[in-house]
Amino acid sequence: MRGAGAGPGATPVAASAALPLPGRRWLLPSAVAAELDPDRVARAGRTGRPRRTVRDWIIDFAAFLLAVVLGLLTADTLPDEAGIPYALEVADQLIGAFACAAIWLRRRWPVGLAVAMVPVTFVSNTAGGAGLVVLFTLAVHRPFKYVAWAGGVSTALLPLFYWLRPAPDLAYLPSLILGALLAVATIGWGMFVRSRRQLLLSLRDRAQRAETEAALRAEQAQRLAREAIAREMHDVLAHRLTLLSVHAGALEFRPDAPRAEVARAAGVIRESAHDALQDLREIIGVLRRGAGGEGGAGPGGAVGEPGRPQPTLAALEALVSESREAGMKVVLDNRVAEAASVPASVGRTAYRIAQEGLTNARKHAPGAEVTVAVSGAPGDGLTVSVRNPDPPGEVPPVPGSGQGLIGLTERAMLAGGRLAHGPLGGGGFEVRAWLPWER
């Protein structure tokens, strides 16, 4: 019988589901907040960019003030530069003011603004602070190749810049070294901030994947438990209901049977119905306990801990006797000397295979003699076969045939063995299985 998969109410866990952010979202950069929780971050206009958080406004305002302060400090040194006309001083300060104002656009166009700042910082000394801020922004928001180009060109122009406009109170070489160190420190700081953000996002993705995998494992465990329960229901109830069908059919087609035979058939029907109901109650009880966190599929495909013990190989003779009482011709060839020494999971699987084989023979070959053979030893494995010749007469097709054999194949594979079934050369049908039996 095919195992029951996830029910119609099962919902697959989306691997890309966003983790909710805490209430202090305003402490995060807008880019990070958009990555962590894209559904709850406000977007700006047609661009679809995330709106600035409170932290972004504070950082942007602080960066603007830093650029203005550095520009004002540099502007105080302009009159001390040798050979600088007054008009160039004014132009330098105006360009620096526009560069400081452009800082507010650094989040929208980091690459374009960094490229524009290369010639601006070359012609304007007061724009140096704004250039450092823009270079830092580029290192934070874009990959290293963009930073390498913009920072490399700016650093390469430093010797020419300090040669054309030497610092009034600092020599050429110290000025060059100081300018290069400022550029390298700014790029390094920006790359450090970018790596921390990427680490935060990677940890979030790792936690999200862990939650998703845990949910999938729980769903898979639930599905396997349902398959085990469905397999157990088929193995148990099919045998009982087939007995009911055989004896009910006998009463239907032989209404003139002797009173003792009718009473015996009615007793078998009553006992089979009682046992089927009892088995069904036990399986439903396992389901209810499983919903409360108890029970579930046990080793080897057993379901929970039912009220009655699970059958083992020692119960095979009782199964054959029950089939004989139902009117079947069954020959048991049990060559296992110590049935109690067979592991419980292996014995239970062998019992279910014999039970399903007898059930199929009762449905598809009524009146034929069935042979159940069991042999094996520790280390060699346990072999179970159920075979029967062709039925003596025509048998109408039975709906739903073949599902039990599929379930038996899955059960044998779960136990580490194998199962084969098919018609015999001289007529008839055989189900043959091998199960591992450790020493």
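Five helices, α2, α4 (110–123), α5 (128–141), α6 (144–164) and α7 (172–253), each supply at least two residues of the lining of the largest pocket. The model is a predicted one. Among these helices, α6 contributes the most to that lining, with seven residues.

The largest pocket has a volume of about 950 Å³. Its lining counts 36 residues. Nearest the centre of the pocket lie Asn125, Gly128, Phe161, Tyr162 and Leu182. By class, the lining holds 21 nonpolar residues, twelve polar and three charged.

Helix α2 spans residues 54–77 and includes Asp60. Is Asp60 buried or exposed? Asp60 has a relative accessible area of 1%. Buried means under 20%, so Asp60 is buried. Which residues does Asp60 touch, beyond its neighbours within four places in sequence? Asp60 is in contact with Arg52, Trp104, Arg106 and Arg107.

The strands come next. Strand β7 covers residues 429–435 and runs antiparallel to strand β5, residues 381–388. Seven bridges join β5 to β7. In this pairing, Val386 has Val431 of β7 as its bridge partner.

β7 also pairs with strand β6, residues 418–423. This pairing is antiparallel too, over six bridges. Here Arg432 in β7 stands opposite Ala420. β6 and β7 form a hairpin, with five residues between the two strands. In the turn, Gly427 has a positive phi of about 105 degrees.

Technical notes: Residues are numbered from 1 along each chain as its sequence is written. This is a predicted model: local features need pLDDT of at least 70, side-chain atom pairs count only at pLDDT 80 or more; totals for chains, interfaces and linings use all residues. Side-chain values use heavy atoms; hydrogens and water are left out. Helices (H or I, at least four residues) and strands (E, at least two) are DSSP runs, numbered from the N terminus. Buried means under 20% relative accessible area, exposed over 50%, partly exposed in between (1.4 Å probe, protein chains only). Contact means heavy atoms within 4.5 Å. Two strands pair if DSSP finds at least two bridges between them. On a 1 Å grid over the protein atoms alone, a cavity is a set of points where a 1.4 Å probe fits but cannot get out, and a pocket is an open set with protein on both sides within 12 Å along at least five of seven lines; lining residues have an atom within 4 Å of a point. Grid points are joined across faces, edges and corners, and a volume is the space filled by probe spheres set on the points. Ala, Val, Leu, Ile, Met, Phe, Trp, Tyr, Cys and Pro count as nonpolar, Asp, Glu, Lys and Arg as charged, and the others, Gly among them, as polar.
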